[in-house]
Amino acid sequence: MVRKCNSSVMTLLAMVFVAHASVAHANLFDMIKGPAKPVEVTDSSDKAANFKEAFKPEGLLAKDPAPVETASKKVVIAGFQMEFATEQKAVTKNAGSGAGLASSTEKIYYLKGVKDEQFQAIADKSYAAFVEQLKKLGYEVLPPTVLLETGYKEKFAKVNQPPVHRERGVAGEILFGDLSKIGEDKDEKGQEDNASVIATAKDTSPDVYSKFMPEFGPGFKSADALQANIIQLRLKVNFARFDGVRFYWSSGYEDKPQNGISIRGTGMQVFAPGNKMATYSLAKTVILPNRVAEKGTPVAASTGQTTKRASGGLFKALAGLATGDVIAATSGAVGAAHSTMASDDIEMTAGADYEAVVGKDVSLFLNMMTEALPK
C-alpha cells in the first residue's frame with residue numbers, strides 16, 4: 001500500500017514538474033517573440049470562430065476546443081467568479097538600435113473610481129446574463145441550491161461573502177511556495193501578480209474552480225446524481241489593452257485603456273453525467289469593444305516605487321537562481337536593470353457608466369463561452 005501511494009505521489013510530482021518546465025519554455029519564448037496575438041471580439045464577429053481561436057493553445061499538436069460530450073439538457077452553475085484587475089503592470093522592451101531585454105520600461109496602470117458594490121453588481125448581473133444565454137440554447141438551468149444535497153455541500157458554506165481584495169503577490173512566495181494552495185488560482189509558483197478584487201455571484205461557491213487537477217472534487221458524482229451538467233466558471237477582467245505571463249509584456253498595447261479578458265485566471269470546467277469532464281482554459285487574451293476611460297492620466301512614479309522595483313527585480317533574480325528557475329532569474333535581472341528607467345505610471349478613472357460598459361463586454365465574452373455546450 002505504501003509503495004503504491006509513493007508511486008502515485010511521484011507520478012503527481014512528475015506531472016507538475018513537466019507542467020512547470022513547459023511553462024518556463026513558453027515564457028522564454030514569449031520574452032523573445034512576445035505573447036500570442038490577442039483575439040478581438042466584437043458584436044458582429046463570429047463567436048464560434050472567436051471561441052476556437054481564443055481557447056486553442058499554440059503548438060503543432062494543439063487541438064481545437066470541442067463541445068462537452070453530453071446528452072443532458074440540464075445545467076447547474078456551481079461557481080461563477082470574476083476577478084477584476086485593479087492594477088496592471090506592463091514591462092515593455094524599448095525599440096531602437098541595440099535595444100535588448102535590459103533596455104525596457106515598466107509602467108503600472110491603476111484603476112480608480114470603482115467601489116466593491118459595483119464589482120459585485122457586475123458579477124451578479126453577468127451570472128444572470130449567462131443563465132439567460134444558456135436558456136436560449138434550450139438548457140434548463142437549475143438553481144445552485146440543488147448542490148446542497150451533493151458533495152458540494154461543504155463548499156457552499158462560503159457563499160454570499162463580500163468581494164475579496166487581492167494584493168499584489170509577495171515576492172518571497174517565489175522561494176517559499178505553499179503547495180497546500182496548489183488548487184488556488186495563482187500564477188505558477190506564486191509569482192508576483194497584479195492587485196485585484198474578486199467577486200463571486202450570489203448563491204454560487206467561491207472556491208470550486210481549480211486551476212490544477214479539477215477531477216479531484218465532487219463534480220463527477222454530483223453530475224451523475226443530478227443528471228445535469230455542472231459548470232464551474234471563472235474569468236479575470238482587465239481594463240488596459242495588454243496581458244502577458246510573468247514579468248514581460250509585448251510592446252504595442254500600452255497606453256490604450258480597453259476592456260479585455262486575461263489568460264491568467266480565466267477558464268471553465270464542465271462535469272457531465274457519465275463520468276465526463278471538459279476543461280476550457282483561455283489560451284489567448286481577449287480584447288473587448290469598450291473601455292472604462294477614454295485615456296489614462298500619467299502619475300509620476302515615486303522614488304520609493306522606483307527603489308521597490310529595483311529591489312524586487314534583484315530579489316526575483318536571486319530567487320530564480322536559488323530555485324533553478326532561469327526565467328525568473330532572467331526577468332529579475334531585467335527588472336533591476338530597467339527599474340531606474342521607469343516612466344510615469346498611469347491612472348485610469350472609471351466613468352459613471354462603468355457597470356454598464358463592463359457588463360456589456362463580459363456578456364459578449366460569456367455568449368462566446370456557450371460554444372462549449374452542444375446545441
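View 1. Over residues 245-253 the pLDDT stays under 50, although the model has 37 contacts for them beyond four places in sequence. This view, like those that follow, shows a predicted model, and for the protein chain as a whole the mean pLDDT is 76, with 63% of the residues reaching 70 or more. Another stretch to look at with care is residues 1-32, where the pLDDT is below 50 and where the model has 22 contacts beyond near neighbours in sequence. Where pLDDT is low, the predicted coordinates should not be read in detail.

**View 2. Strand β7 and the side chains along it.** Strand β7 covers residues 196-200, and because five of its five residues are buried, the strand is largely enclosed by the rest of the structure. In a regular strand the side chains alternate between the two faces of the sheet. Here Ser196, Ile198 and Thr200 point one way from β7, while Val197 and Ala199 point the other way, and all of them are buried.

**View 3. The strands that pair with β7.** Strand β2 pairs with β7 in the antiparallel sense over five bridges, and in one of the bridges to look for, Ala85 has Ser196 of β7 as its partner. Strand β6, made of residues 164-166, also runs antiparallel to β7 and is joined to it by three bridges; within β7, Val197 is the bridge partner of His165.

**View 4. The aromatic pair of Phe51 and Tyr280.** The structure holds eight aromatic pairs. In the pair shown here, the ring centres of Phe51 and Tyr280 are 5.8 Å apart and the ring planes stand at 50°, so the pair is tilted. Because Phe51 lies in helix α2 (residues 47-55) and Tyr280 in strand β11 (residues 276-281), the pair ties together parts that are 229 residues apart in sequence.

**View 5. The aromatic pair of Phe84 and Phe119.** The rings of Phe84 and Phe119 have their centres 4.8 Å apart, with their planes at 35°, so this pair is also tilted. Since Phe84 belongs to strand β2 (residues 74-85) and Phe119 to helix α3 (residues 116-136), the pair ties together parts that are 35 residues apart in sequence. Phe84 is buried, with a relative accessible area of 1%, and Phe119 is buried as well, with a relative accessible area of 2%.

**View 6. Lys73 and the ring of Tyr139.** Lys73 lies over the face of Tyr139, at 3.9 Å from the centre of the ring.

Notes. Residues are numbered from 1 along each chain as its sequence is written. This is a predicted model: local features need pLDDT of at least 70, side-chain atom pairs count only at pLDDT 80 or more; totals for chains, interfaces and linings use all residues. Side-chain values use heavy atoms; hydrogens and water are left out. Rings of Phe, Tyr and Trp (its six-membered ring) pair if their centres lie within 6.5 Å; planes under 30 degrees apart count as stacked, over 60 as edge-to-face and the rest as tilted. Helices (H or I, at least four residues) and strands (E, at least two) are DSSP runs, numbered from the N terminus. Buried means under 20% relative accessible area, exposed over 50%, partly exposed in between (1.4 Å probe, protein chains only). A charge sits over a ring if NZ of Lys or CZ of Arg is within 6 Å of the ring centre and within 35 degrees of the ring normal. pLDDT is the predictor's confidence in each residue, from 0 to 100. Contact means heavy atoms within 4.5 Å. Two strands pair if DSSP finds at least two bridges between them.
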